[in-house]
Structures are given as C-alpha cells and as structure tokens.
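Let's walk through a protein model together, one feature at a time. Bring your questions, and we will take each one from the general idea to the case at hand.

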Amino acid sequence: MQIPHDTRRALDVVVALVNTAAEADQPDGLADIGSLRAFVREYEISDVGELGARDLAGVRTVRGKFAQVFAAPTARAASQLINELVATAGTTPQLTDHDGYDWHVHYFAPGASLGDHLAADGGMALAFIVVSGEQERLRRCEAPDCRRAFVDLSRNRSRRYCDSRTCGNRLHVAAYRARRKEADAGPEAAALSEQEEVMHGGQQQ
C-alpha cells in the first residue's frame with residue numbers, strides 16, 4: 001500500500017498516541033504535562049507553543065477518539081468518527097516545507113491547540129486509509145496480553161501483532177513449547193486424553 005510520507009508520519013503519531021493509554025499492566029503515558037512535552041519532542045510535532053493543563057486534557061480526548069476509530073466495526077462508523085474529529089478541529093489545509101522537509105500538507109489551522117493539531121492531521125491521515133478502502137488495516141495486536149494499536153501495511157493484510165519480534169515471537173515460542181510438552185508426554189498421555197474425550201462426549205449425550 002502506497003502512503004504519502006506526511007500521511008505516514010501522521011499515522012505513526014496517531015498509533016503512538018493511542019498506545020499511550022493506560023492498560024492493566026501499563027500506566028498512562030500522558031500522565032502529566034512533562035510526558036506530553038516528551039511526546040511532542042519524540043515525534044517532532046511542529047508549531048507547538050507552551051503547553052498547559054488544557055492541552056493535556058485536549059490531547060487525551062483526541063486519543064480516546066482515535067482509539068474509537070481503531071475499534072470501529074465498519075468503514076461507515078469510522079468515517080463518522082473521523083468527520084467529527086476534523087470538523088471539531090477546524091481543519092485548514094495548507095502547504096508547507098518547514099524544517100527542511102519537502103512540500104507537504106498541514107491540516108491544522110495556524111495557532112491551533114495541540115489537541116486540534118493532532119485531530120486535524122491525524123484525522124485526515126485516518127481518512128486517507130478509509131477512502132482507500134483499507135479501514136481493516138487499523139488493528140489491535142492479537143497477542144492475548146497486548147492490545148497495542150498498529151496500522152497493518154503488509155501487502156496481503158496478514159499482520160497480526162504490533163511487533164513480530166516481541167509479541168509474535170513470544171506466542172510462537174509458547175506454541176512450540178506446548179507442542180513439545182505434549183510430544184514429551186508420550187502415547188500414554190495421548191491415549192488418556194482420548195479416553196477422557198470419549199467419556200465427556202458420552203456424558204453430554
């Protein structure tokens with residue numbers, strides 16, 4: 001799937017933002033203004049002024065809406081959420097070549113808050129995915145202990161894990177160990193398992 005560079009960067013920010021949300025084993029990655037500033041620096045978000053409590057609250061709200069787009073069951077549901085995002089942000093497309101980057105489009109209005117900035121650029125990047133008929137590429141990791149968001153950019157839409165080197169490998173190793181354990185148990189254990197299945201089937205009848 002061919003994605004323009006600026007759209008790809010915006011999608012990276014969307015995914016990173018969604019993945020800052022608190023989970024059972026993960027604290028909120030945007031717990032305070034300091035962590036918000038760190039996020040802005042890490043992802044080189046331009047045209048950001050002094051940040052305060054309102055910015056933190058606004059970005060958390062946008063984060064929740066982005067997460068809803070990833071959870072949307074259909075392209076129509078996703079499009080409604082995206083339309084609300086970009087309308088609220090007051091989207092204002094403009095060409096720019098700031099900081100040494102080649103010409104690309106910013107969708108946030110000049111002087112926009114950080115929340116509106118992220119909603120506009122991220123919302124339009126998500127709109128590109130939906131318009132391309134690729135909404136199903138907005139996914140969550142299938143590892144049982146991980147629900148991180150990611151955009152599946154594989155050619156055949158086959159990616160299942162946020163990171164094949166961590167979540168994917170961990171599950172493959174677990175499956176391999178389970179097969180080895182079953183094989184090591186030997187034919188007696190297999191026969192016993194088969195007998196239990198027969199007994200269980202008889203009880204259900």
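A: One definition before we start: buried means under 20% relative accessible area, exposed means over 50%, and partly exposed lies in between. Please also keep in mind that this is a predicted model.

Q: Thanks! Is methionine 1 buried, partly exposed or exposed?

A: Its relative accessibility is 34%, so methionine 1 counts as partly exposed. You will find methionine 1 in the segment before helix H1, which spans 5–18.

Q: Which residues is methionine 1 in contact with, leaving aside its neighbours within four places in sequence?

A: Those contacts are Phe128, Ile129, Ser132, Glu134 and Arg137. Take glutamate 134 as an example: 133 residues separate it from methionine 1 along the chain, yet the C-alpha atoms of the two are 9.1 Å apart.

Q: Which residues make the contact between H1 and H5?

A: On the H1 side they are Thr7, Ala10, Leu11, Val13, Val14 and Leu17. H5 brings Leu118, Asp121, Gly122, Ala125, Leu126, Phe128 and Ile129.

Q: Let's turn to charged side chains. What is a salt bridge, and how many does the structure hold?

A: The term is used for a side-chain nitrogen of Lys or Arg within 4 Å of a carboxyl oxygen of Asp or Glu. The structure holds nine salt bridges. One of them joins the side chains of arginine 8 and aspartate 12, at 3.6 Å from N to O. Both residues lie in helix H1, four residues apart, which is about one turn of the helix. Arginine 8 is partly exposed at 39% relative accessibility, and aspartate 12 is partly exposed at 38%.

Q: Which salt bridge links distant parts of the chain?

A: Look at aspartate 28 and arginine 63, whose closest N and O atoms are 2.9 Å apart. This pair links distant parts of the chain: aspartate 28 sits in the loop between H1 and helix H2 (33–42), while arginine 63 belongs to helix H3 (residues 53–71), 35 residues apart. With a relative accessible area of 26%, aspartate 28 is partly exposed; arginine 63, at 9%, is buried.

Q: Which residues do salt bridges with shared partners join into one network?

A: Start with glutamate 136 and arginine 139, whose side chains meet in a salt bridge of 3.8 Å, N to O. Salt bridges that share partners join Glu134, Glu136, Arg137, Arg139, Asp152 and Arg157 into one network. Within it, glutamate 136 is partly exposed at 43%, whereas arginine 139 is buried at 17%.

Q: One last feature: how is a pair of aromatic rings described?

A: By the distance of the centres and the angle of the planes. This structure holds one aromatic pair. The ring centres of phenylalanine 39 and tyrosine 43 are 4.9 Å apart and their planes stand at 40°, so the pair is tilted. Phenylalanine 39 is buried at 6% relative accessibility, and tyrosine 43 is partly exposed at 25%.

Definitions and conventions: Residues numbered from 1 in each chain as written. Predicted model: local features only at pLDDT ≥ 70, side-chain atom pairs only at ≥ 80, totals over all residues. Heavy atoms only, no water. Phe/Tyr/Trp six-rings, centres within 6.5 Å; stacked < 30°, edge-to-face > 60°. Buried < 20%, exposed > 50% of the residue type's maximum accessible area, 1.4 Å probe, protein only. Helix = DSSP H or I, 4+ residues; strand = E, 2+ residues; numbered from the N terminus. Contact = heavy atoms within 4.5 Å.
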